[in-house]
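Colleague: I am new to this one. Can we go through some labels and what stands behind them?

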Amino acid sequence: MGSIEVNKEFFINGNKVKIISGAVHYFRIVPEYWRDTLLDLKAMGCNTVETYVPWNLHEPYQGKYDFSGIKDIETFLKLAEELELFVILRASPYICAEWEMGGLPAWLLKYPRIRLRTNDKQYLKCLDQYFSILLPKLSKYQITQNGPIILAQLENEYGSYGEDKEYLLAVYQMMRKYGIEVPLFTADGTWHEALNAGSLLEKKVFPTGNFGSQAKENITVLKKFMESYQITAPLMCMEFWDGWFNRWNQEIIKRDPQEFVNSAQEMLSLGSVNFYMFQGGTNFGWMNGCSARKEHDLPQITSYDYDAILTEYGAKTEKYHLLREVITGKKERLPERRQTKNYGQIIKNRSVSLFSTLDCIAACHQSDWPLTMEELDHYYGYVVYQHTFKSYTDDLRMRIIDGRDRAKIYLDDQEIATQYQEEIGDEINLPTHSNDTHDLKILMENMGRVNYGSKLQAETQQKGIRNGVILDIHFTKKWKHYCLNFEHLDLLNWENGYQSGPGFHEYIFEADEVKETFIDLEGFGKGVVFVNGHHCGRFYEAGPTLSLYIPGPFLKKGINQIIIFETEGCYRDKIELIGQPKYL
């Protein structure tokens with residue numbers, strides 16, 4: 001059996017080890033590329049890989065678990081073991097990570113007044129059930145059972161959220177109950193209040209810090225905190241930020257490579273380190289997170305490139321080569337493991353309007369009052385709310401009362417207005433006709449739940465129409481709900497054709513070889529892209545990215561299908577698959 005001891009240094013199998021790790025999220029990289037990434041990590045001089053484990057990925061619906069494909073964490077752990085890399089496992093209930101609701105599953109929001117990340121009985125009951133499935137799968141890969149896992153995280157940046165020690169103790173007891181034997185740690189910002197609130201020192205859970213510069217100053221704070229509580233543990237930065245994440249409608253954030261490497265070199269001289277991120281990857285599907293603001297939340301983009309050591313698509317950056325030289329002393333530049341390809345232009349094959357094929361991809365759910373996405377068990381993407389009414393006046397006033405996140409309003413299938421968070425609730429004029437019957441549709445989009453901060457609560461993160469709709473001065477009843485199901489795009493009725501507004505656009509092309517590429521979406525408005533059924537994520541003309549990454553395994557030799565769902569009525573008859581990402 002292997003062993004790890006936490007003293008003033010880490011001792012692994014009896015040998016003193018400085019942990020040099022890189023963050024690689026298996027769920028942001030297609031499995032076919034895991035090996036390439038881990039080989040590059042090892043070649044840079046790292047002895048460890050770190051990964052989060054998102055609860056909402058593995059239990060998307062309560063009691064329904066998924067560990068297949070990109071979610072196959074056991075295969076990822078086996079690969080790390082094969083390549084002789086240690087693993088830092090961050091399987092805490094909350095991960096942040098700029099991931100949808102910080103990894104917490106949206107179905108938790110169905111419980112009235114549930115308090116997330118606290119000693120709330122209902123929350124802990126749900127967590128215990130999840131851990132009872134997850135942790136026995138992972139515990140057999142611990143170093144104590146001759147596996148690669150050397151450390152496990154109790155909670156993540158909890159000191160920036162709460163100070164409920166009973167909650168931390170409950171999580172600790174669950175982890176031990178379900179077989180986690182390796183040392184546990186917490187990770188917090190390096191100021192005393194956060195370290196103190198986020199720690200569980202009574203159980204010898206050791207603290208680590210998260211920062212990306214000024215290593216001496218930050219490590220000094222961490223060291224003083226540990227000394228004040230007589231904690232004996234190595235000094236470690238659990239997230240040494242080498243870049244940063246990006247939001248829609250903001251400039252791409254970049255960090256100077258040499259400045260980063262100088263900062264990293266300082267950190268390496270002080271203790272163990274985990275570089276966050278080694279490769280950022282992609283927020284496939286609906287999994288981008290959102291930064292919380294008082295009025296206008298800021299959803300993050302699909303790309304999680306992060307300006308990391310490897311790019312979103314696995315190319316080596318200048319940071320990689322400089323840091324490799326610092327860690328290993330080797331100056332030669334390693335070649336790329338994969339190549340991107342420009343496939344050229346593709347002509348649109350056919351289109352269909354959303355409203356003319358709505359019944360094909362969305363079952364109708366009727367109720368007196370509008371229901372939230374959570375009440376509909378439809379946690380991500382879009383819902384069309386439909387209401388038929390008779391107007392007794394020309395130009396009727398309407399308001400959506402409490403909706404999230406983005407609403408597009410249509411009267412008789414003609415677009416009237418678009419509202420985002422800060423506008424929802426403002427009065428809209430509907431050009432109705434007296435004594436006529438009209439059709440009102442509201443296309444609601446969940447743009448991503450917040451992943452950090454005080455808004456991470458049930459009452460703020462429910463999506464869709466959360467209260468009701470007022471016509472004239474009255475709440476109006478009798479609603480139909482259409483939850484768009486993009487897993488059944490094969491059921492689209494293309495024969496109905498495209499008129500205007502939101503719709504689906506299909507592009508067919510033949511590939512003679514399979515390589516990774518990017519779809520140029522300049523000229524499109526807002527929506528999502530599917531390649532041979534794979535959900536590549538969201539796009540938005542607001543930028544900063546105007547393209548989406550398509551991993552090679554999403555393609556196949558021969559005929560390929562791209563379907564773009566676009567909500568603004570902006571599209572092109574020709575698209576292009578290009579060899580590099582495109583920005584504003």
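Colleague: Where does Asp-412 sit?

Modeller: This is a predicted model. Asp-412 lies in the loop between β18 (406-411) and β19 (414-419).

Colleague: Why is Asp-412 called partly exposed?

Modeller: Its relative accessibility is 36%. Buried means under 20%, and exposed means over 50%. The value for Asp-412 falls in between, so Asp-412 counts as partly exposed.

Colleague: What makes Glu-318 and Arg-333 a salt bridge?

Modeller: The closest N and O atoms are 2.8 Å apart. The cut-off is within 4 Å, so the pair qualifies. Glu-318 is in helix α9 (residues 318-328), while Arg-333 is in the loop between α9 and β14 (344-353). The two are 15 residues apart.

Colleague: How do you know that Asp-439 and Lys-441 are buried?

Modeller: Asp-439 has a relative accessible area of 14%. Lys-441 has 6%. Buried means under 20%, so both are buried. Their side chains also meet in a salt bridge, at 2.6 Å from N to O.

Colleague: What about Asp-520 and Lys-582: why is one called buried and the other partly exposed?

Modeller: Asp-520 has a relative accessible area of 7%, under the 20% cut-off, so Asp-520 is buried. Lys-582 is at 24%, between 20% and 50%, so Lys-582 is partly exposed. They form a salt bridge, with the closest N and O atoms 3.0 Å apart.

Definitions and conventions. Residues numbered from 1 in each chain as written. Predicted model: local features only at pLDDT ≥ 70, side-chain atom pairs only at ≥ 80, totals over all residues. Heavy atoms only, no water. Helix = DSSP H or I, 4+ residues; strand = E, 2+ residues; numbered from the N terminus. Buried < 20%, exposed > 50% of the residue type's maximum accessible area, 1.4 Å probe, protein only.
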